Amino acid sequence: MQTARTIRSVGVRSPLLRRFASSSATPLVIVEHKSGSLLPSSLSAISAALKISPSVSALVAGSNTDAVAQSVAAVPGVSRVIVAKHEAYDHGLPETFAPLVVAATKAGQFSHVLAPHSAFGKNVMPRAAAILDVAQVSDVTAVVSEDTFVRPIYAGNALATVRSKDPIKILTVRNTAFPPAPTQGGQGGIEAAPEASTESPSEWLSEDVAKSDRPELGAAKVVVGGGRGLKDKDNFKILYELADKLGGAVGASRAAVDAGFAPNDLQIGQTGKIVAPELYIAVGISGAIQHLAGMKDSKTIVAINKDAEAPIFQVADYGLVGDLFQAVPELTKKL
Amino acid sequence: MSSLKVLVPIKRVIDYTVKIRVLPGGKGVDTNVKHAMNPFDEIAIEAAVQLKEAKKASEVIAVSVGGAKSVETLRTALAMGADKAVHVETDADVQPLEVAKLLRAVADKEQPQVVILGKQAIDDDSAQTGQMLAGLLGWSQATFASKIEVEGDSLKVTREIDGGLETVRAKVPAVLTTDLRLNTPRFATLPNIMKAKKKPLAKLTPKDLGVDITPRLEILEVAEPPKRSGGRKVESVDDLIDKLKNEAKVI
């Protein structure tokens, strides 16, 4: 133990030693899935866990888990898939899910518990952390060592490096900061989860999920974002046309969502989704701090705006000053 | 149920319009700037006051953990319609788990049936405190709420999730956290600001509440994010397509 601790403290400074210090870490990844399929954000969380240890475990819970458990077991580096088959876990209710996370963590004596920093992970993990009496590190964008992590604060305007002094590290992971783990070649074993109470003082009633055949916003390689400059809801169709041409997804600024141009779940920013596509095209978006928080890690940023002074141009790799109602259809036509 | 007592934890943060400055030496950010109530907490206060106006709540108690200036934030909450305030005074850096423990202690004293918090503070962006409090209390939780309806001894809450909305029924006692779309907070009027000065404001310390607030997370460094070299303008759509194809190679 003493040796491990010494190596670990050196590891913070030396990336070379860090690789060998991780052998004692035993991470558990909480898998998020929907309609019988594994979500890409879970594969990003597994990638983050693999930076802590070469061998990780995963927890899959719900009534329809067979295919998901098989997919997770096939991820190289996943050695154990712990399955809790019960309908109480179907909608990620924190009152049932957090006790399951706690029971699985204790039973497996895991050193780290990771989940995507999604609506699901954000809801469940702090409750589990509190029950375990440990702190949580939210929205991790880099793993420095077993106990040290980087996370953005102040809407991404600063990066904090934090060291957890707790025996169990609870982490939620920014999916765009870790590439999804490969889904072939692994041979993890599947086992049953420990018993946990499925009693809940709350119940799931219904959901209203926007249907779309476009790629999911958080995982799309191209995102076209629209702002207040679109002027009304119907005009958003020129963005959908451009996105379809590029095989991308459509997002929106808060202003556009508040004005009713686009549904809430398309919002990109500090309080909405974080995206980091290959190409982000900001159309009629001024570039407020809160919006930049959600897209400024995109590889290439294009801004189309009639106001040459708009702050978005300060982060855009390519800026086109002009009328979006002419430029966007022209762009769609010429692509 | 017409007698819900509502506790609303609020936080004083750097105003959301301020462009923050990272201090040289990695010690933190410059906090010698304009502060205000965390925007999500304004929504929480508004939600609680609306419940009171609809005769669903009997009393709204605002609570804040922080330095002496948190009193200004509590006075704002009182001016918006909270009935009384509790200030847990400390200059220490109090992290979400410790804040949740302090709030549990305040809840033990005040005995609310509902606690409404913001879904995240815009300074640390943790999005943890409400969920942690619910876990410590063993209460039901409904986070990221965009609609709250009181139905008997339950709350029907519409939540913002990835891809859309979901609705849950949470039995009271419950902890809720607010999303942006829940409501538009009112402005405190001058007469209400004057009245707020006379409303009760109790002072406590973490020690009074018997809570150890030693941080579990050590902040080693606060750094500037990598700068983007933006600012290049293109002349036309053709020029843009050419640059994306041949220079950035993204299409």
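The side chains of B:Arg181 and A:Asp258 meet in a salt bridge, with 3.3 Å between nitrogen and oxygen. This pair belongs to a predicted model, and the salt bridge joins a residue of chain B to a residue of chain A. Across the interface of the two chains, chain A and chain B, the rule finds 8 salt bridges. Polar contacts can be counted there too: 46 residue pairs are in polar contact between chain A and chain B, with both residues of a pair at pLDDT 80 or more. On the side of chain A that touches chain B, the residues divide by class into 39 nonpolar, 22 polar and 23 charged.

The extent of this interface can be given in residues and in area. In residues, 84 of chain A are in contact with 78 of chain B. In area, the two chains bury about 6800 Å² between them, and carbon and sulfur atoms account for 54% of it. Within chain A, the residues that lose the most area to chain B are A:Arg127, A:Tyr154 and A:Tyr318, which together make up 11% of what that side buries.

Chain B can now be taken by itself. Its secondary structure comes to 6 helices and 13 strands. The C-alpha trace of chain B spans about 65 × 40 × 40 Å along its principal axes. Of the 251 residues in chain B, 55% are buried. Its contacts can also be sorted by separation along the sequence. Among contacts in chain B between residues at least 6 apart in sequence, 70% join residues at least 24 apart.

Chain A is divided into two parts: domain 1 covers residues 27-192, and domain 2 covers residues 222-334. The C-alpha centres of these two domains of chain A lie 31 Å apart. Where they touch, 5 residues of domain 1 are in contact with 8 residues of domain 2. The area buried between domain 1 and domain 2 of chain A is about 570 Å², with 49% of it from carbon and sulfur atoms. On the domain 1 side, A:Ala155, A:Arg174 and A:Thr176 supply 73% of the area buried against domain 2, more than any other three residues. The count of salt bridges between the two domains of chain A is 0. For polar contacts between these domains, the count is 1 residue pair, both at pLDDT 80 or more. The side of domain 1 that touches domain 2 has 1 nonpolar, 3 polar and 1 charged residues.

One residue of chain A, A:Lys296, can be followed in detail. A:Lys296 is found in the loop between helix 9 (289-295) and strand 17 (300-305) of chain A. Is A:Lys296 buried or exposed? A:Lys296 counts as buried because its relative accessibility is 18%, and the cut-off for buried is under 20%. Leaving aside residues up to four places away in sequence, A:Lys296 touches A:Gly156, A:Asn157 and A:Ile301 in chain A, and B:Pro225 and B:Arg228 in chain B. With A:Gly156 there is a polar approach: a polar atom of the A:Lys296 side chain lies 2.8 Å from the backbone oxygen of A:Gly156. A:Phe120 gives another reference point for A:Lys296, as the two are 176 residues apart in sequence and 24 Å apart in space, from C-alpha to C-alpha.

Conventions:
Residues are numbered from 1 along each chain as its sequence is written. Chains are lettered from A and ligands numbered from 1 in the order in which they are written. Side-chain values use heavy atoms; hydrogens and water are left out. Domain bounds come from an automatic or database domain assignment. Contact means heavy atoms within 4.5 Å. Buried area is the accessible area (1.4 Å probe) that two parts lose on being put together, summed over both. A salt bridge is a side-chain nitrogen of Lys or Arg within 4 Å of a carboxyl oxygen of Asp or Glu. A polar contact is a pair of N or O atoms within 3.5 Å; within protein, one must be able to donate a hydrogen and the other to accept it, and residues adjacent in sequence count only if both atoms are side-chain atoms. Ala, Val, Leu, Ile, Met, Phe, Trp, Tyr, Cys and Pro count as nonpolar, Asp, Glu, Lys and Arg as charged, and the others, Gly among them, as polar. Helices (H or I, at least four residues) and strands (E, at least two) are DSSP runs, numbered from the N terminus. Buried means under 20% relative accessible area, exposed over 50%, partly exposed in between (1.4 Å probe, protein chains only).
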